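Please keep the sequence and the structure in view while reading.

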Amino acid sequence: MSGASRVGPAGGRAPALHAGAWWVWALGLATAASRTTNPLLLGMLVGVAGYVVAARRTDAPWARSYGAFLRLGLAVIVIRLVFAVALGSPIPGTHVVVTLPEVPLPAWARGVRIGGRVTAEALVFALYDGMKLAALLVCVGAANALANPARLLKSLPGALYEAGVAVVVAMTFAPNLVADVQRLRGARRLRGRSGRGLKALAQVGLPVLEGALERSVALAAAMDARGYGRTARVPRPVRLATNALTLGGLLGVCAGTYGLLADVGAGYGLPLLLAGLALAVAGLWLGGRRSVRTRYRPDRWDGRAWLVSASGVAVAALMIWAGDHAPTALHPPAVPLTAPALPLWPAAAVLLGLLPAFAAPAGTAATTRSREARGAASTAPPPGPSVPPPRRATPTGEPGGAAPLDIPHPQEPK
């Protein structure tokens, strides 16, 4: 079964959640993570994202990417700590953990040092900073694990149609290339040849490139036969207005997103983001008039998609509001060295991100497990009085005897 739909209890196919809703929810959690350095709140955001992924991901190949993003987040934290130890930190501190040999640098490198004192305050500050970036990566990984990339590209507006086709072709090229390499190596092993080394790689490379070229030509012919690349005639003023609206909208979205993600600038970030989105939507709508195409079974933005996306937006909005009214709780100081406290109502706001675990449809793996459990329960014998096993018959035909019937073997003489 694919990750785009699932099989219901009655055998019908229930549509999966819109891929854009998962991205809105994940970006809301990422925005909330960018507004705080409290390790307890960051841990809660990572836990919320992980619980939703475990409850609602499918068994598709992209659903296994969440673990890779978790490992990447841990690597970011380690790298940030290593930089703080090796290159020092501008954070002053009094609790010295270790003193490394300091490398003398020339006068033009004043302000930069290698080695020296490593304080606990500097390590705590680096840990908070690394956890913030790691939480951002984990939230993006949750969107990658939950949203079907092919259906997300299918939902692109008509103005981005050519870019969507290019991305789909690029996404399908690498898996096919890997499959061809594995197939050719398996064929070489069956013939008793080694599949490793530079010589084997050179002998496998030519058939792989030939197969990739044949697939590209076949794909181009299929796309041309289905009318890909046809455009409608649009007046010149409409084209100019489309370009201006799209460019201005994208600039507004970038500036507004930067304002929301930065510690300062939330006041102008939200208006700029809304204005940029409005201009971009208008430009994409005008640009879609030149694209002559139809969608087969388009994904619909239903009530569950509104709930999922609204939960992520609510977490981001409440965290931004908390940053304006309780900045100390969201940014615990590293100097003086104190244990961070968990603010109650920002923590409750983070828990709103758990709504997709109950509002979104179950993934393929979860549905399969529940269906197998129902099947096992239906095939179990009903409770009732036990029936004794039948007794063997005796040569005289009376039940309860001890000697079984003497049936000769087919190869023995009768």
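A salt bridge here is a side-chain nitrogen of Lys or Arg within 4 Å of a carboxyl oxygen of Asp or Glu. By this rule the chain has two salt bridges. The model is predicted, and the points below are computed from its atoms.

**Salt bridges**

- Arg80 pairs with Asp129, and their closest N and O atoms are 3.6 Å apart. Because Arg80 sits in helix α3 (residues 65-87) and Asp129 in helix α4, this pair ties together parts that are 49 residues apart in sequence.
- Arg80 counts as partly exposed, at 25% relative accessibility. Asp129 is also partly exposed, at 32%.
- The pair Asp302 and Arg304 makes a salt bridge with 3.4 Å between the closest N and O atoms.
- Asp302 has a relative accessible area of 26% and is partly exposed. Arg304, at 23%, is partly exposed as well.
- In general, side chains of opposite charge can pair when their charged atoms come close.

**Overall make-up**

- The protein chain contains 14 helices and four strands.
- Of its 414 residues, 32% are buried.
- Contacts between residues at least 6 apart in sequence join residues at least 24 apart in 75% of cases.
- The accessible surface of the chain is about 25400 Å², and carbon and sulfur atoms account for 68% of that area.

**Nonpolar core**

- The largest nonpolar core has 37 residues, and the members that touch the most others are Leu17, Trp22, Trp25, Leu29, Leu45, Tyr66 and Val308.
- Two or more residues come from each of α1 (19-34), α2 (39-56), α4 (120-146), α10 (303-325) and α12 (344-351). The most come from α1, which gives nine residues.
- Which residues does Val308 contact, leaving aside its neighbours within four places in sequence? They are Leu17, Ala21, Trp22, Trp25, Pro356 and Ala360.

**Helix α10**

- Helix α10 has 23 residues and spans 32 Å from its first C-alpha to its last, close to the 33 Å expected at 1.5 Å a residue.
- The buried residues of α10 are Ala305, Val308, Ser309, Ser311, Gly312, Val315, Ala316, Met319, Ile320, Ala322 and Gly323.
- An α-helix has 3.6 residues a turn, so residues three or four places apart point the same way.

**Nonpolar surface patch**

- A nonpolar patch on the surface is formed by Val78, Ile79, Val82, Phe83, Leu87, Val103, Leu105, Val112 and Ile114, with about 760 Å² of accessible area together.
- Helix α3 gives the most to the patch, with five residues.
- One of the patch residues, Val112, lies in the loop between β3 (96-103) and β4 (114-119). Val112 is exposed, with 54% relative accessible area.

**Single sites**

- Leu284 belongs to helix α9 (residues 266-287) and is partly exposed at 21% relative accessibility. The cut-off for buried is under 20%.
- Leu284 and Pro157 are 127 residues apart in sequence, and their C-alpha atoms are 6.7 Å apart in space.
- Is the peptide bond from Val335 to Pro336 cis or trans? The bond is cis, with omega near 0 degrees. Most peptide bonds are trans.
- Pro336 is in the loop between α11 (327-330) and α12.

Terms used
Residues numbered from 1 in each chain as written. Predicted model: local features only at pLDDT ≥ 70, side-chain atom pairs only at ≥ 80, totals over all residues. Heavy atoms only, no water. Core = buried A, V, L, I, M, F, W, Y, C linked by side-chain atoms within 4.5 Å. Buried < 20%, exposed > 50% of the residue type's maximum accessible area, 1.4 Å probe, protein only. Contact = heavy atoms within 4.5 Å. Expected span 1.5 Å × (residues − 1). Patch = residues over 30% accessible without salt bridge, like charges linked within 9 Å, V, L, I, M, F, W, Y side chains within 5 Å. Areas by Shrake-Rupley, 256 points an atom, 1.4 Å probe, with all protein chains shown as cover.
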